[in-house]
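Dear colleague,

Please find the structure below.

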2 protein chains.
Amino acid sequence: MAKNITSPEKDFSRWYLDVIREAELSDSAPVRGCMVIRPYGYSIWEIMKNDLDNRFKETGHSNAYFPLLIPESFLKKEAEHVEGFSPELAIVTHAGGKKLEEPLVVRPTSETIINHMFSKWINSYRDLPMLLNQWANVVRWELRPRPFLRTTEFLWQEGHTAHATQEDAQEETNRMLQVYTDFMADIAAIPVIPGRKTEKEKFAGAVSTYTIESMMGNGWALQGGTSHYLGTNFAKAFETRYLDANNQRKFVHQTSWGVTTRLVGAVIMVHGDEHGLKLPPKLAPIQVVIVPIGRKEEEKIAVSEVAHKMAEEMKELGIRVLVDERDGMSPGFKFNHWEVRGVPLRLEIGPRDLAEGHVLASQRNKPGRENKFTIPMEGIAQAVNNSLTDIQNEMLEAALQFRNSHTYEVDSYEDFKKLLPKQPGFYKVWWDGNSDDETKLQEETKATVRCLPLEQRDGTGNCFMTGRPTSTTAIIARAY
Amino acid sequence: MAKNITSPEKDFSRWYLDVIREAELSDSAPVRGCMVIRPYGYSIWEIMKNDLDNRFKETGHSNAYFPLLIPESFLKKEAEHVEGFSPELAIVTHAGGKKLEEPLVVRPTSETIINHMFSKWINSYRDLPMLLNQWANVVRWELRPRPFLRTTEFLWQEGHTAHATQEDAQEETNRMLQVYTDFMADIAAIPVIPGRKTEKEKFAGAVSTYTIESMMGNGWALQGGTSHYLGTNFAKAFETRYLDANNQRKFVHQTSWGVTTRLVGAVIMVHGDEHGLKLPPKLAPIQVVIVPIGRKEEEKIAVSEVAHKMAEEMKELGIRVLVDERDGMSPGFKFNHWEVRGVPLRLEIGPRDLAEGHVLASQRNKPGRENKFTIPMEGIAQAVNNSLTDIQNEMLEAALQFRNSHTYEVDSYEDFKKLLPKQPGFYKVWWDGNSDDETKLQEETKATVRCLPLEQRDGTGNCFMTGRPTSTTAIIARAY
């Protein structure tokens, strides 16, 4: 166990904060609920951002930028929207040395301002679909902040699209949920359960909200991203209409979808262990660290030269590699430094390795001396590349196995209440409850309906709370 | 002259707004002084951003993210800083449904919050230099807004660094000014004059401010970016100190440097003409547009097939190419559409071109029928690549020639006052004025001292305003 890191079994919440501090991912800011994203944490977000941005562009979306400050009256135009967001707003009342005539809201999300612009830009069916995305900061006043997971200001992308028909908009909603699902599996090595939110849990202003839910290392759920079918709710509030091919004026059908810096929190909590952060290679700012070892000056020079030669070979294959030649630090100190930061693969090379023509390798996802192995220097770049692919796959597989082994089926609410405190995890249940049932569930167990998975069980059963027959299954869990 | 675009000779300001509207670069937002950056405008900023980000990383900087909201008291810690920024601040007084105990400022720049964190992170000389950058939005209440050039909210990058010595910090200040200078010439095809700002024009809180000044199409100057040597001003205000190798506590020496979305405005005003936007290839989201021409269905199919084949060949060389196959639009309409948007190279291909094995090319920087030329289809990708390189160089050369032909030397203030209204441009003068002289200059002529160029004239002369002998030259001009 690493110094300064609480055991996750003992206190998962404290472990989470310890890892963030020791890996230098973020720091608290002077304003309550805000955080500073430190360079190492930000570089993980940058990799996520670049990968997602490519996926958005491949699916036909363009980036744009809409203003941070929104007239307060805009939010009031959509009744559910203002009700949902009012308690969380930060409000600018003074600017340029004067009191403003109308207060401005620091955007909590941009549906309203974007619809204001869409109503200006969209005239005919030829303008549709309009497929936009923006990378931005948003502010939602947070009473129970937790770094990355819940912060007053956070970074995110918000996709906003307008379509001629309900079918097109629903298809887009599904498409982006799938983009998120693929990204999480392929890049973050996190298996997710895509599903629909209940009425109670949907976005304020949406017709329906879809989510990707993943399981953290303590068995709790995390909502990793959402994709909303907005119907014509905002279009009606903002008069966003188009002329169809028959010259009829119609409201556009819309979607919005987003993921945030909380994904960094998910990566910490899905993969991390008692030694600190554990990064899947595709998300790791540094995928391979080479630690040269040598006491005498001539040994150091010889080892260093070979280390850099290997690093160059790896860079040519696009591998992000660092040679750690810091002076005055022991190899043990360096091993720990990179272990806490979750670097997937560590290579040690000393004079004896040099003579024998190999390096000693350790995978971050298989800690312990007994798991070290040697890699021949000849053709090392390709071998390292293969290792990284293996690690990526192994980490996804491990997360999947963990989720499966912590997923339970339960038929009665009484059983659930007894089981949940003992074995936190995902509970698959038959579900036919309403919002009142959900409130009761949450009050009595602190668990919530995470989603109604897209992949439903065949057949029917009786709702585990109401007893009513139903063909719908739900995932129930404690959640962040 | 393009439809809906005022002649730049007739009314440069209106021409600028017309180009922005017709090329769909930005739109005005409901909050005064704010703008929406539309997808085409944003994609130019994205290219700038990616290129600059690489240059920052190559010079050893890491990205991080600091909070949007800053306690009001932080700004007051550095006396000049608060005086400079107070009139421009937007202030959050209410959040989460309550009045805040201390108002929060929406960041106008981040020196204060960053120094707050630096004072926590920097302990020893081993922590230095600390080289950070952030890409962010900032808000400065703007009374005379103009899209891209002056907006209440704008996007920018702000580099913030801390060093052990004055020499290191001064070197960093110069290095980043050079990075900006190179970027402007190599990517934006804009020659700049790097120089130092006068006391009157320097950043509020800096010891010295360096700038890159470029000439717009009407002879006015635009400050494209700044690099500040902050000395120990903020370090003293925030107690940002380190222990040196001899265990002495010392203040760090700091720099900050930034460029903003106003660079998009510079590109419009340096290169644009009466036909609209004109983009240097390295900044163009679409570098080449292929317009297939054909009346009969079988002609269309044959031409389209070849157009796409050529496009694929170009994409393999990394060229950003689009085949415009929109239905129901004439070739003339398409030509105009891409001309207004400044696409550097247009290729037309019809049945006859197909038979003759070539395409008809037009460079955006050489308008007119007489400048069309043919390119053989065989090896077209390489030929197009060469053309793009030529266009890039020609555009830089044209901007340089324009600047040279609008740069004047003048010895007396009386002459200057007579000349400036007739021939706007850069005036090189001997300069030994103080802030009062600068105020008089601005009041009487609306011109300002743009910079004291790094490259100074040899010898000495008499200050064109005070008559005092001096070895300093200055560039004086009207400016945005």
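B:Ile290 stands opposite B:Leu347, a residue of β17(B). This is a predicted model, in which local features need pLDDT of at least 70, side-chain atom pairs count only at pLDDT 80 or more, and totals for chains, interfaces and linings use all residues. Residues are numbered from 1 along each chain as its sequence is written, while chains are lettered from A and ligands numbered from 1 in the order in which they are written.

Helices (H or I, at least four residues) and strands (E, at least two) are DSSP runs, numbered from the N terminus; two strands pair if DSSP finds at least two bridges between them. Strands β15 (residues 288-292) and β17 (residues 345-349) of chain B pair in the parallel sense over five bridges. Both belong to an open sheet of five strands with mixed pairing, ordered β16-β15-β17-β18-β19 (chain B). Its edge strands, β16 (321-323) and β19 (373-376) of chain B, each pair on one side only.

In chain A, the axes of helices α9 (residues 297-316) and α12 (residues 380-405) come within 8 Å and cross at roughly 60° (axes are lines fitted to C-alpha atoms, for helices over the stretch in contact, and angles run from 0 to 180 degrees between N-to-C directions). α9(A) is therefore oblique to α12(A) (angles under 35 degrees count as roughly parallel, over 145 as roughly antiparallel, 65 to 115 as roughly perpendicular and the rest as oblique). A:Met310, A:Glu313, A:Met314 and A:Glu316 of α9(A) meet A:Ile380, A:Ala381 and A:Val384 of α12(A), contact requiring C-beta atoms, placed from the backbone, to lie within 7 Å.

Yours sincerely

Conventions
Contact = placed C-beta atoms within 7 Å.
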